[in-house]
Amino acid sequence: MNKLLLTTALAALISTGAMAQSTVVTTTHTGHAAAVQIEPEYRTKIRTYVTEHKVRPVQTREKIVVGQPVPREVELEAVPADWGPSLTKYRYVYSGERVMLIDPSTRAVVQEID
């Protein structure tokens, strides 16, 4: 009887986890910057937004890379709500055909969307 209850509870837990996989962003902290994983359909939505809104790329002397802070002179743009509610806490810049998600508190790049 206990095995049956345990098996049923485990099956319910696994099926609930499978349904909850619609999460857009997974954040893991590695050092100073957080690594953000974005589902493919949202990556497409972000690239489409940048193209349709003709977002101008920023010009910097240094290459903007994940894990490093963006120079202070670079203006950070607010993330549009349609990119998903879990991304609105970030800012972004468009640089070199890539959208860079930025943690506004540290100005560190947390994800590159190419």
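**Entry 1: salt bridges.** I counted a salt bridge where a side-chain nitrogen of Lys or Arg lies within 4 Å of a carboxyl oxygen of Asp or Glu. The model is predicted, and side-chain atom pairs count only at pLDDT 80 or more. How many salt bridges does the rule give? The count comes to one. I looked up the pair: the side chains of Glu112 and Arg98 meet at 3.6 Å, N to O.

Arg98 is buried, at 12% relative accessible area. Glu112 is partly exposed, at 24% relative accessibility. I note the cut-off here: Arg98 counts as buried because its 12% is under 20%.

**Entry 2: Arg43.** I went to helix H2 (residues 40-52), where Arg43 is found. Does Arg43 sit buried or exposed? Arg43 is buried, yet has no salt bridge. The nearest side chain of opposite charge is Asp114, 4.7 Å away. I listed the contacts of Arg43 beyond four places in sequence: Ile38, Gln111, Glu112, Ile113 and Asp114. Glu112, one of these contacts, is also the salt-bridge partner of Arg98.

**Entry 3: nonpolar cores.** I looked up the largest nonpolar core, which has 16 residues. Which members touch the most other members? They are Trp83, Leu87, Val99 and Leu101. Strand S2 (33-38), H2, strand S4 (91-95), S5 and S6 each supply at least two residues of this core. H2 gives the most, with three.

I took Leu101 for a closer look. Leaving aside neighbours within four places in sequence, Leu101 is in contact with Val36, Ile38, Val79, Leu87, Tyr90, Arg91, Ala108, Val109, Val110, Gln111 and Ile113. I also found a second, separate core of eight residues. Among its members are Ile64, Met100, Ile102 and Val109.

**Entry 4: Glu73.** Where does Glu73 lie? I found Glu73 in the loop between H2 and strand S3 (77-78). Glu73 counts as exposed, at 67% relative accessibility. I also checked Glu73 against Thr60: the two are 13 residues apart in sequence and 8.9 Å apart in space, C-alpha to C-alpha.

Technical notes: Residues numbered from 1 in each chain as written. Predicted model: local features only at pLDDT ≥ 70, side-chain atom pairs only at ≥ 80, totals over all residues. Heavy atoms only, no water. Helix = DSSP H or I, 4+ residues; strand = E, 2+ residues; numbered from the N terminus. Buried < 20%, exposed > 50% of the residue type's maximum accessible area, 1.4 Å probe, protein only. Lys, Arg positive; Asp, Glu negative; His and termini not counted. Contact = heavy atoms within 4.5 Å. Core = buried A, V, L, I, M, F, W, Y, C linked by side-chain atoms within 4.5 Å.
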